[in-house]
Every structure is written in structure tokens, then in C-alpha cells.
Amino acid sequence: TAWRRAAALADRDWRLRADGPVPAVADDQRLVQALLQLADNATRYTVPGQVIEFGLGADDGVARLWVRDQGR
């Protein structure tokens, strides 16, 4: 998964937050690529031990994916 691959990028406190399954019609490879780009960016602006969180949820039938960090 993208989260597991991202966790190998750097020594951070990687977390996964999922509000449950979210059905979506999407290109899996493009989603993984986008999430890994965001994760790579998050590692550049954080230091070891800081939290980087992957998230998945839905809002009024729209899937939401995010990467959140504690960096500047």
C-alpha cells in the first residue's frame, strides 16, 4: 500500500487514519503516486519522530485522501 511504502521513506511517526471503507472509481496507480509525492514532501519538512498521517474518509459521497504533517 502507499502508506507502507511511504513509511520506508524516513524515520517518522507514520500514522493511518481511515473512517472506514470508501468506495471510489479511481486509478489506483495514480492515487499511490500522488500520495507518495505528498509523503515525500512531508518528510522534507519534518524531522525524525514527527507525525505524518495518511487519511481516508468520505464527505457527502466524495472520497477524501490526505497526507498531514507537523512540519513548517
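Which helix supplies the largest share of the lining of the largest pocket? Helix 2 does, with four residues.

## Basis

This is a predicted model: local features need pLDDT of at least 70, side-chain atom pairs count only at pLDDT 80 or more, and totals for chains, interfaces and linings use all residues. Residues are numbered from 1 along each chain as its sequence is written, and side-chain values use heavy atoms, with hydrogens and water left out.

## The largest pocket

The largest pocket has a volume of about 480 Å³. Its lining holds 18 residues, and the closest to the centre are Ala2, Leu31, Leu35, Leu56 and Leu65. A pocket here is an open set of points on a 1 Å grid over the protein atoms alone, where a 1.4 Å probe fits, with protein on both sides within 12 Å along at least five of seven lines; lining residues have an atom within 4 Å of a point. Grid points are joined across faces, edges and corners, and the volume is the space filled by probe spheres set on them.

Helix 1 (2-7), strand 1 (13-18), helix 2 (28-44), strand 2 and strand 3 each supply at least two lining residues. Helices (H or I, at least four residues) and strands (E, at least two) are DSSP runs, numbered from the N terminus. By class, the lining has 14 nonpolar, two polar and two charged residues. Ala, Val, Leu, Ile, Met, Phe, Trp, Tyr, Cys and Pro count as nonpolar; Asp, Glu, Lys and Arg count as charged; the others, Gly among them, count as polar.

## Salt bridges

Side chains of opposite charge can pair when their charged atoms come close. The structure holds four salt bridges (a side-chain nitrogen of Lys or Arg within 4 Å of a carboxyl oxygen of Asp or Glu). One of them joins Glu53 to Arg68, with the closest N and O atoms 2.9 Å apart. Glu53 lies in strand 2 (residues 51-59) and Arg68 in strand 3 (residues 62-69), so this pair ties together parts 15 residues apart in sequence. Glu53 is buried, at 15% relative accessibility. Arg68 is partly exposed, at 46%. Buried means under 20% relative accessible area, exposed over 50%, and partly exposed in between (1.4 Å probe, protein chains only).

Arg15 pairs with Asp13, the closest N and O atoms being 2.7 Å apart. Arg15 is partly exposed at 41%, and Asp13 is partly exposed at 27%. Asp19 meets Arg17 in a salt bridge at 3.8 Å, N to O. Asp19 has a relative accessible area of 49% and counts as partly exposed. Arg17 is partly exposed at 39%.
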